[in-house]
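Here are my notes on the structure you sent. Please read them with the model open beside you.

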Amino acid sequence: MRYLALAMNLDGTLVTGGRADVAALAALARLRLTGRRVILVTSRRLVELTSVLPSLDTFDCIVAENGALLHWPSRRESTLLCRPVPEPFVRALQGRGVTSLVRGQAVVQAPRAQASALVEVVGELGLELQVIFAGAQALAVPPGINKGEGLREALLSLGLSVHEVVSLGCGASDHSLLGVSECAVAVANALPALKARAAFTTRGAAGAGVIELVEDLVQHDLQVAEAWTPRDALTLGYDDAGVRAGIPSYGENLLVLGPRAGEGASYVQGFLERLLQRRYQPCVIDCLGDFEVRDDMVKLGGRVQAPRVQQVLAALTAPSVKPVVSLAAVAPEAQPDFFRELLPALEGMRLRTGRPHWLIVNGAERLWPAGAEGSRRDAPKLGETLLLVEDPDAVARSILQQMEVAVAVGPAAGRALQQLASALEEPAPHLPLRTGAAPGVLAWFVAEGPWPLKLRAPPRRAERLRRVPEQVEGDLGDRSFIFRGRQGQPELRAHNLSAFCQQASQVDEDTWLFHLWHGDFSRWVRDVLHDDALAQKLSAIECRYELPAADSRREVCGAIAHHYALAA
C-alpha cells in the first residue's frame with residue numbers, strides 16, 4: 001500500500017450542523033479493516049467530541065485542541081504537547097468583559113467576534129501566543145502548536161511518517177494539517193484558499209467527500225487520481241532552459257550508470273542529499289564497502305564485522321535513522337544470500353510503516369550478477385530502489401528490466417546508455433549532440449522511447465555554498481525577482497537575495513501577500529536559483545495563510561538568512 005493513514009479534521013467533514021455523518025463514520029471503519037490508521041485532527045476539546053460522535057473508537061489517535069493534545073481511544077490515554085495558556089491571560093480577558101471563554105487543557109476559546117480582545121491582551125501581557133480562527137471560534141494557542149505539528153507527533157507514536165499519510169481538510173485551521181502530509185485533499189465545501197493548497201478536491205462535500213476519498217483509498221490506493229502526488233517530486237536535473245526533470249517519490253526505480261570513484265558516486269550522493277532534505281528514510285546497501293557515509297547516517301557492519309538482518313530492522317524502526325549497511329565483511333558469493341534474507345524483512349516493514357522509503361544499492365552486480373541470470377519471474381520485485389552500477393552488462397537482465405529511469409553520468413555516459421539498451425534489447429537511444437566539453441547527465445525514461453534528456457545535475461550542498469556570493473550579493477540580471485503585485489505595480493527588481501530581503505520591507509502589504517500566496521518566492525528560488533532546500537522552506541511559509549504580512553516577511557527573510565548563514 002502507498003498510503004497507510006488518513007488524517008482528517010472534524011467540522012465540515014464528519015460533522016455538519018452539529019451532527020455526525022453516520023455513513024462517513026462507517027466508511028472510516030471499512031478503511032481501518034484494510035490495516036490503515038485513521039487520525040482525527042480537530043480544534044475542539046476532547047470533552048466536546050463525545051457530544052457529536054457516537055464513539056471515539058473509530059480513530060486510532062485523536063489530535064485535539066488544534067494540535068495541543070494527543071489521545072489514544074483504545075488505551076484511554078492522553079498526552080499534552082505543550083504548557084497551557086497562562087492563567088493571567090484568562091483573568092485579563094474576563095476583566096475586559098469577555099465572559100464566554102472556554103478553557104481546554106491547553107488552549108482558550110472565545111467567540112470569533114472577541115478575537116480583537118484576545119490579540120490586545122496578548123500584546124499587553126507580552127505573551128507568546130497565537131490567535132487563530134476555527135469556524136465561529138477564535139483560539140489562543142501556545143507557540144508552535146498547530147494541527148500539522150500535532151499530526152507529526154501522532155504519526156511518530158504510530159511508527160509512521162508524513163510520507164505515508166493522506167490529509168483531508170475543510171477550514172482555515174487546516175492549512176498546517178495539509179501542509180505536512182504527502183497527499184493533501186480538500187472536501188468540496190472547503191475554503192477556496194484550502195482547495196488551492198490541496199493536491200485535489202473531492203467531488204462530494206462534507207461526509208460524501210469523506211466516503212469518496214475512502215473508497216478511492218480502499219479500491220485504488222489513490223493511484224487513479226494522478227494529481228495525488230507530484231510526478232517530478234525527486235529532481236534528476238535541469239535542462240538548458242532551467243526546466244526541472246524528476247521522478248515520483250513512489251513507484252519507480254532508478255539506475256545510475258557511472259564511475260563509483262567519480263561522477264556516479266557524486267550523483268548518487270546528491271540524490272541521497274535530496275531525499276534527506278525531504279525527510280525520506282533511505283537505506284543504503286553497500287556491497288563494496290566504499291560508499292561515502294554522511295555524518296547524519298549510521299553505518300552498520302564494516303570490513304571486520306558483518307551486519308545482521310535484525311540489526312538493520314532495529315535501526316530502521318526509528319524514522320530518523322538512515323542506515324548504510326556495509327557488506328564489506330561478507331564474501332561476494334555470500335552477499336546474494338544475505339540480501340535474499342534481508343529483502344523480505346524490508347518488504348514486511350514497508351507494508352507496516354511505508355519505510356524505508358528508498359533502497360540505494362552500491363554494487364548491484366554483486367547481488368544480481370549477469371552470469372547467474374534467472375527468469376524475470378524469479379527476480380525479486382524492486383520498488384523505490386536506486387542501483388549504482390558501472391557496467392550494465394554485469395547486472396542480471398531481469399533486474400535491469402525493472403529500472404524505469406536510467407541516468408548516465410561521466411565522460412562515457414552515452415556509451416553506457418547504449419550498453420544498457422543492448423542489454424535490454426531496446427532500440428539504441430538517440431544521443432543528443434554535445435554542446436560543450438562536459439557531457440553532463442543523460443536521463444533516459446526507458447518506456448518513453450529512445451530520447452534521453454541532457455541535463456545539468458542539481459548542485460550538492462558544497463557546490464551551492466560556492467555559488468552563494470552570486471545569489472546573495474551578485475547581479476542575477478534577467479534572473480532577478482521582480483515585485484509587480486496584483487496590478488503590475490510597483491516594479492521593484494531584486495537583483496540578488498540581499499536586495500530581495502531589503503525590498504521585502506518596502507513593498508506594500510497587498511503586493512507582498514499577492515506574491516506570497518501565489519507561491520512566487522519559492523518558485524523563483526526553486527526554478528531560477530535551483531535551490532530546492534531553500535524553496536521547500538519558503539513554500540512552507542507561503543502556505544501559512546493565517547500569518548500577518550509583517551510576520552511572513554520576517555519569516556521569509558529569516559529563512560533566507562538562516563539558510564545561507566548555515567551554509568557559510
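1. Salt bridges. A salt bridge here is a side-chain nitrogen of Lys or Arg within 4 Å of a carboxyl oxygen of Asp or Glu. The structure, which is a predicted model, holds 25 of these salt bridges. Some of them are taken up one by one below.

2. Overall form. The protein has 20 helices and 27 strands. For 568 residues, a compact globule would have a radius of gyration near 24 Å, and the 26 Å of this protein agrees with that. The C-alpha trace spans about 80 × 55 × 45 Å along its principal axes.

3. Inside and surface. Of the 568 residues, 54% are buried. The accessible surface comes to about 24400 Å², and carbon and sulfur atoms hold 52% of that surface. Among contacts with a separation of 6 or more, 61% are between residues 24 or more positions apart.

4. Arg-2 and Glu-182. These two residues form a salt bridge, with 2.9 Å between the closest N and O atoms. The pair links distant parts of the chain: Arg-2 sits in the segment before strand 1 (5-8), while Glu-182 is in the loop between helix 6 (175-180) and strand 13 (183-186), 180 residues apart. Both ends are covered: Arg-2 is buried because its relative accessible area is 6%, and Glu-182 is buried with a relative accessible area of 15%.

5. Glu-273 and Arg-294. The closest N and O atoms of this salt bridge are 3.8 Å apart. Glu-273 lies in helix 9 (residues 263-277) and Arg-294 in the loop between strand 18 (282-286) and strand 19 (298-300), so the pair ties together parts that are 21 residues apart in sequence. Glu-273 is buried, with a relative accessible area of 8%, whereas Arg-294 counts as partly exposed at 21% relative accessibility. Elsewhere, salt bridges with shared partners join Arg-96, Glu-120 and Glu-124 into one network.

6. Glu-164. Glu-164 is placed in the loop between helix 5 (147-158) and strand 12 (165-169). Leaving aside residues up to four places away in sequence, the residues that Glu-164 touches include Arg-2, Tyr-3, Thr-353 and Gly-354.

7. The cis bond. The peptide bond between Arg-355 and Pro-356 is cis, with omega at about 0°. Pro-356 is found in the loop between helix 11 (335-353) and strand 21 (358-362). Most peptide bonds are trans, and most residues other than glycine have a negative phi. The next point takes up phi.

8. Two positive phi values. Ala-206 has a phi near 50°, a positive value in a residue other than glycine. Ala-206 lies in helix 8 (residues 206-220) and counts as buried because its relative accessibility is 12%. Glu-425 has a positive phi of about 60°, although Glu-425 is not a glycine. Glu-425 is placed in the loop between helix 14 (413-424) and strand 24 (441-445). Is Glu-425 buried or exposed? At 63% relative accessibility, Glu-425 counts as exposed.

9. His-530. This residue is found in the loop between helix 18 (520-527) and helix 19 (532-542). His-530 counts as buried, at 11% relative accessibility. The side chain of His-530 makes a polar contact with the side chain of Arg-456 at 3.1 Å. His-530 and Val-389 are 141 residues apart in sequence, and their C-alpha atoms are 27 Å apart in space.

Notes:
Residues numbered from 1 in each chain as written. Predicted model: local features only at pLDDT ≥ 70, side-chain atom pairs only at ≥ 80, totals over all residues. Heavy atoms only, no water. Helix = DSSP H or I, 4+ residues; strand = E, 2+ residues; numbered from the N terminus. Contact = heavy atoms within 4.5 Å. Rg over C-alpha atoms; globule rule 2.2 N^0.38 Å. Buried < 20%, exposed > 50% of the residue type's maximum accessible area, 1.4 Å probe, protein only. Areas by Shrake-Rupley, 256 points an atom, 1.4 Å probe, with all protein chains shown as cover. Polar contact = N/O pair within 3.5 Å; in protein donor to acceptor, adjacent residues only side chain to side chain.
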